[in-house]
Amino acid sequence: MYGGTFNPPHCGHVHAAEAAAKELRPDRLIIMPAGIPPHKQLSPGAPAPEDRLRMAEIAFGHIPGAVISASEVKKTGKCYTVDTVEELRRREPECSITLLTGTDMFLTLQEWYRAERLLSLCSVAVVSRGSEDDPKILSGQQQRLKKTFGTDVIILKTPPLPASSSEIRAADPGKDPSVPAAVRAYILERKLYENAIPDDVIRRLKCAAEETLSPDRFAHTLRCRDEAIRLSAGRDADRSVLEAAALLHDITKECSAADHLKLCEKWNIIIPQDAWRTPAVLHQYTGAAVAEHVYGMPESVCRAIRSHTTGSPDMNETDRILFLADLTEPGRAIANDPHVRLVREIAEKDTVEACVEQLAYEIRRLTENGKEVFSVTLQACESLKERILSKNLEEKQ
Ligand SMILES: [Fe+2]
Ligand SMILES: [Fe+2]
């Protein structure tokens with residue numbers, strides 16, 4: 001059994017599994033992507049468990065005897081190896097289990113949760129790090145585990161292939177050659193790892209907003225952030241992306257028309273014709289460009305900023321949450337307006353319907369007052385309505 005977060009699985013993992021398959025010739029090589037690992041938190045913005053499972057299937061599926069197990073991934077709450085091994089044993093009392101580990105894990109096995117029980121239920125195979133590992137330390141641990149727990153330890157002979165998931169994540173998992181090509185393709189297709197924004201970057205964005213904005217605007221920004229984070233719970237939206245987008249959403253709100261123009265010239269920002277006639281919406285376009293060019297934010301952040309006042313036809317969950325949080329954050333002067341209260345109520349259940357409610361209201365209000373409605377707002381409202389219709393249809397079928 002080979003467990004790990006596989007976040008993402010890399011060639012070093014695959015190589016270790018191949019080595020074990022070759023040298024140990026097990027009936028089955030169970031690859032066990034961890035659910036919530038007990039020894040560490042997953043990195044912020046880590047792919048959903050189903051995506052890690054799928055990546056493991058792609059990475060290890062070709063190995064003879066490999067079976068990718070979903071049993072840890074499916075569990076809620078912390079999950080310990082000893083529980084998984086006990087469960088395997090219960091289901092198949094006759095089987096003998098070998099735990100495949102790297103050197104780091106191997107050297108700390110005696111500290112694992114219920115180590116005594118775990119090490120009485122299985123033997124251990126270690127993929128050493130070759131010359132990096134002192135053979136004396138490995139054989140010392142081998143003897144210690146045998147003496148203390150009666151555990152058999154096999155040290156695999158195949159030289160390892162060094163790679164590190166955390167280094168890969170820090171670079172670019174979709175392009176890193178130490179990630180198998182098919183896994184990279186999956187990462188790119190699913191846009192995994194594009195969303196995580198590290199905490200220190202978030203802190204810097206908060207300082208930047210505080211320095212740039214008036215106290216009132218900054219206070220609104222923080223309330224909008226809190227509301228966005230609250231709305232993101234249990235939804236398909238990355239918290240760190242929303243946090244960054246909310247902190248920067250009004251970053252150019254207090255700019256003059258001349259400043260907006262300068263920014264547009266500097267970065268060649270395309271602003272729809274009708275938006276030029278309403279200065280209040282310019283900041284969503286220039287704000288998105290500042291987020292990109294000044295703060296290096298990914299497109300997931302910029303696109304949410306770019307549609308936070310007018311909406312846009314292809315709004316995703318993150319975009320919708322920022323759009324709504326900006327309106328429904330509790331400190332706004334209009335917070336008790338019956339319409340805003342209604343939008344807030346709907347947003348608790350469905351962000352698509354809440355956005356339609358707000359966009360349709362805005363369209364009505366502008367039309368009744370003889371004002372121009374942005375084409376992008378009309379398109380946003382129509383496309384979201386279509387989504388509701390097709391979802392209703394799907395549910396009926
Ligand atoms: Fe705004
Ligand atoms: Fe705002």
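I take a residue as buried if 20 or more other C-beta atoms lie within 10 Å of its own, as exposed if 12 or fewer do, and as partly exposed in between, with C-beta atoms placed from the backbone. I number helices (H or I, at least four residues) and strands (E, at least two) as DSSP runs from the N terminus.

**Entry 1: the model.** I note that this is a predicted model, in which local features need pLDDT of at least 70, side-chain atom pairs count only at pLDDT 80 or more, and totals for chains, interfaces and linings use all residues. Residues are numbered from 1 along each chain as its sequence is written, while chains are lettered from A and ligands numbered from 1 in the order in which they are written.

**Entry 2: the whole chain.** I found 20 helices and six strands in the protein chain. Of its 397 residues, 38% are buried. The C-alpha trace spans about 85 × 50 × 35 Å along its principal axes.

**Entry 3: helix H12.** I asked which residues of H12 are buried. They are Ser240, Val241, Leu242, Glu243, Ala244, Ala245, Ala246, Leu247 and Leu248. H12 is thus mostly covered, with nine of its 10 residues buried. I count two residues as in contact if their C-beta atoms, placed from the backbone, lie within 7 Å. The buried residues of H12 pack against H10 (199-212), H11 (215-232), H15 (279-293), H16 (299-306) and H17 (317-328).

**Entry 4: the cores.** A nonpolar core is a set of buried Ala, Val, Leu, Ile, Met, Phe, Trp, Tyr and Cys residues joined through C-beta atoms within 7 Å. The largest one has 45 residues, and Ala244, Ala245, Leu248, Val301, Leu322 and Leu324 have the most contacts inside it. Helix H12 (residues 239-248) gives the most to this core, with seven residues. Another core, of 42 residues, lies apart from it and includes Leu109, Ala125, Ile187 and Tyr193. I then looked up Leu322: leaving aside its neighbours within four places in sequence, Leu322 is in contact with Ala228, Leu242, Ala245, Ala246, His249, Ala304 and His308.

**Entry 5: H10 against H12.** H10 and H12 pack at an angle of about 15°, and their axes are 9 Å apart. The two helices are therefore roughly parallel to each other, a term for angles under 35 degrees. Ile202, Leu205, Lys206 and Ala209 of H10 make the contact with Ser240, Glu243, Ala244, Leu247 and Leu248 of H12.

Key:
Axes fitted to C-alpha atoms, helices over the stretch in contact; angles between N-to-C directions. Parallel < 35°, antiparallel > 145°, perpendicular 65-115°, else oblique.
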